[in-house]
Every structure is written in C-alpha cells, then in structure tokens.
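Hello,

Here is the structure I promised to pass on to you.

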Amino acid sequence: MKVSDILRLKGNALYTIHPDEPLAQAVAVMAEKDIGSLVVMEHGDLVGMLTFREVIQTLANNAGSLGQMRVRTAMDDHPLTCTLETDMDEVRRMMLDRHARYMPVMERGMLMGVISFYDVAKAVVDSQNFENKMLKAYIRDWPEDDSRPAA
C-alpha cells in the first residue's frame, strides 16, 4: 500500500497557514475545523508544520499565553515529508522514529495532502480486515475432502 492509496480514500481537504499569521489564529482554525495540524506555506513552498504538540510546548514555555506570537515561532521548520509513492511500511517507520503524528505529502515540490498516524493505522486495520475476509471465504469454499487446510 502506498501513500497515494490513503489520500485517495481520505479525500483532499487541506488546511494551510502563513508563517507570519498570529499563532492564536492558527489555534482558532485548528479548533474550528477540528484538526490537529496546519501546513505552513510561504510563497507556495512548504516551510513548516504546526501541530497541537508545538502549540502546547509554546504555551508551556510562555506561562500559558500565546500573546502576539506568530506561527513561525512555534512551527516545526523541518517537518518530516513523504511522497505519493512512499510505501506505508516506510511511513510507519518514519512516523514512529520521529514521533510524528502528521506528515505532509509532497510531489515535485507541490503539497498533495497530509496523512496522519490515524490515517496510517486505519489503512493497516482495513487492509488486515479485508485479507481476513478473503481468507475466511477461501477456506469456506474449499472442497470438503482431506485436502482442506486447517482454519
């Protein structure tokens, strides 16, 4: 399974923000849209990723206040990325290694979407459920003689 398979099932809703926007505005957008991340774009380029993790760290470091801070001050300016052709096993490994919950999908410099750890986990479970159903159907339809495999 590839990243493109997940994006095809997930849909193409994508939320971005400029690095010079107020951090409080980014938090408001994330709360309103019920999303855990915003892709930070400047001049059409990916320049960072803002997740609730960065927001919480910023709040903890500033006595619970965002004040007049800009997105740029809190964002991860070296986000982990993948491509449409990245294999899901590789994505899982990368996300686990970096403790990343969200990953922008880039193709030839263009932002194609964002996948979350939830999206990856759901794809794995759905794939396993499908394989399980296929195996059960195969065994159910096996001829009734001594060559039937054990279930």
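**What I found**

Glu42 has Asp45 of strand E3 as its bridge partner. Please keep in mind throughout that this is a predicted model.

Strand E2, residues 37–42, and E3 run antiparallel and are joined by six bridges. The sheet itself is open, with three strands in the order E1-E2-E3 and mixed pairing.

Next comes helix H3, which spans residues 52–61 and has Glu54, Val55 and Thr58 as its buried residues. These three cover an arc of only 100 degrees around the axis, which puts them on the same side of H3. Ile56 and Ala60, on the other side of H3, are exposed. What do the buried residues of H3 pack against? Their partners are helix H2 (23–33), E3 and helix H4 (71–74). After H3 comes Ala63, with a positive phi near 55 degrees.

The largest nonpolar core is made of 16 residues, and Val3, Cys82, Val91, Met103, Val105, Ile115 and Val120 have the most contacts inside it. Two or more residues come from each of helix H1 (3–10), helix H5 (88–98), strand E4 (102–107) and helix H6 (117–140). H5 is the main contributor, giving four residues, the most of any. Another core lies apart from this one; it has 13 residues, including Met30, Ile35, Leu38 and Ala74. In soluble globular proteins, nonpolar side chains tend to be buried together.

Val105 deserves a look of its own. Leaving aside residues up to four places away in sequence, Val105 touches Val3, Leu7, Cys82, Thr83, Leu84, Met110, Leu111, Met112, Gly113, Val114 and Ile115.

Finally, there is Glu85, found in the loop between H4 and H5. With residues up to four places away in sequence not counted, Glu85 touches Lys2 and Ser4. Glu85 and Ser4 are 81 residues apart along the chain, yet 6.5 Å separates their C-alpha atoms.

Best wishes

Key
Residues are numbered from 1 along each chain as its sequence is written. This is a predicted model: local features need pLDDT of at least 70, side-chain atom pairs count only at pLDDT 80 or more; totals for chains, interfaces and linings use all residues. Side-chain values use heavy atoms; hydrogens and water are left out. A nonpolar core is a set of buried Ala, Val, Leu, Ile, Met, Phe, Trp, Tyr and Cys residues joined through side-chain atoms within 4.5 Å. Buried means under 20% relative accessible area, exposed over 50%, partly exposed in between (1.4 Å probe, protein chains only). Contact means heavy atoms within 4.5 Å. Two strands pair if DSSP finds at least two bridges between them. The arc is that of the directions from the helix axis to the C-beta atoms.
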